[in-house]
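Please look through the sequence and the model shown here before reading on. The report below goes through each chain in turn and then turns to the place where they touch.

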Amino acid sequence: MAMDAHEIERMIKAALPDAAIEIKDLAGDGDHYAATVVSAAFKGKTRVQQHQMVYAALQGNMGGVLHALALTTSVPQD
Amino acid sequence: MSDVNARIEAEVKNNDVVLFMKGTPQFPMCGFSGQVAQILGYIGVPYKGVNVLEDQEIREGIKAFSNWPTIPQLYVKGEFIGGCDITREMFQAGELQALFEEKGIAVKQAS
């Protein structure tokens, strides 16, 4: 099972329109990704809350069709 | 469902540090679970490993309990700390060691 990187980016963008997103396909198998998501919406949230927002954007695909998404989240630098 | 929530709650209340993982601390069955086990081992903090592969009810239940879609999941004093990425980030920043200190959990090795 796999998920396309563009599809991941599209889903995150839909929930966090301002997000700067970088996605790397770690193993080249379309199943192990690393994503960096930078969004002002993360401001004031804990890391757990930030990751939960990204997982929510992926609407249940995380842990299902998407096995591994190493996630780094942050707020844009002023 | 409420039964499994009660079981999970008991685990995280009765143990200072609980790692819900695939496999055991000695034999992790997934690279992500292994990384967290390795970090906890390095810090030298005693913890209870709960092998979700042996308990389908907990494997699904913990995801709803924490609102977190993946395994591993680390709990300290009943509080959800994060999965593999957050635990590693915190460890590298020295925040994880500080957290154990702040919560009064003894570690073997000074950080």
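## Chain B: overall build

From its N terminus onward, chain B runs through its elements in the order α-β-α-β-α-β-β-α-α, where helices (H or I, at least four residues) and strands (E, at least two) are DSSP runs numbered from the N terminus. In total, chain B has five helices and four strands. The radius of gyration of chain B is 13 Å, close to the 13 Å that the globule rule gives for 111 residues, so chain B is as compact as a globular protein of that length; this radius is taken over C-alpha atoms, and the rule is 2.2 Å times the number of residues to the power 0.38. Along the principal axes, the C-alpha atoms of chain B fill a box of roughly 40 × 25 × 20 Å.

This is a predicted model, in which local features need pLDDT of at least 70 and side-chain atom pairs count only at pLDDT 80 or more, while totals for chains, interfaces and linings use all residues. Residues are numbered from 1 along each chain as its sequence is written, and chains are lettered from A and ligands numbered from 1 in the order in which they are written.

## The sheet of chain B

In chain B, four strands form an open sheet in the order 2-1-3-4, with mixed pairing; two strands pair if DSSP finds at least two bridges between them. Strand 2 (48–51) and strand 4 of chain B stand at the edges with a single partner strand each, so one side of each is left without a neighbour in the sheet. From one strand to the next, the twist averages 25°.

Strand 1 and strand 2 of chain B run parallel and are joined by four bridges. Within this pair, B:M21 stands opposite B:N51 of strand 2.

## Nonpolar cores

In soluble globular proteins, nonpolar side chains tend to be buried together. A nonpolar core is here a set of buried Ala, Val, Leu, Ile, Met, Phe, Trp, Tyr and Cys residues joined through C-beta atoms within 7 Å, and a residue is buried if 20 or more other C-beta atoms lie within 10 Å of its own, exposed if 12 or fewer, and partly exposed in between, with C-beta atoms placed from the backbone. The largest core has 29 residues, and those that touch the most other members are B:V18, B:L19, B:F20, B:M21, B:V36, B:L40 and B:V52. Several elements of chain B each supply at least two residues of this core, including helix 1 (2–14), strand 1 (17–21), helix 2 (31–43) and helix 3 (56–66). Apart from this core lies another, of 14 residues, among them A:I12, A:L16, A:L58 and A:L69.

Which residues does B:F20 touch, not counting residues up to four places away in sequence? They are B:V50, B:V52, B:I62, B:I71, B:P72 and B:Q73, where contact means that the C-beta atoms, placed from the backbone, lie within 7 Å. Of the 111 residues of chain B, 41% count as buried.

## Chain A

Chain A contains two helices and three strands, which follow the pattern α-β-β-α-β along the sequence. Of its 78 residues, 26% count as buried. Its C-alpha atoms fill a box of roughly 35 × 20 × 20 Å, taken along the principal axes.

The three strands form an open sheet in the order 1-2-3, and the pairing is mixed. Strand 1 (20–25) and strand 3 (68–74) of chain A stand at the edges, each with a single partner strand, so one side of each is left without a neighbour in the sheet. Strand 1 pairs with strand 2 (residues 32–38) of chain A in the antiparallel sense over six bridges, and A:I23 stands opposite A:A35 in strand 2. Helix 2 (residues 47–57) of chain A packs on the sheet, touching strand 2 and strand 3 of chain A. A:A56 lies in helix 2 of chain A and, with 15 C-beta neighbours inside 10 Å, counts as partly exposed.

## Where the chains meet

Eight residues of chain B are in contact with ten residues of chain A. On the side of chain B that touches chain A, strand 4 (79–82) and helix 4 (84–92) of chain B each supply at least two residues.

The buried residues of helix 4 of chain B are B:C84, B:D85, B:I86, B:T87 and B:F91. These residues pack against helix 2 and strand 3 of chain A, together with helix 2, strand 3, strand 4 and helix 5 of chain B.

Methods. Two residues are in contact if their C-beta atoms, placed from the backbone, lie within 7 Å. Axes are lines fitted to C-alpha atoms, for helices over the stretch in contact, and angles run from 0 to 180 degrees between N-to-C directions.
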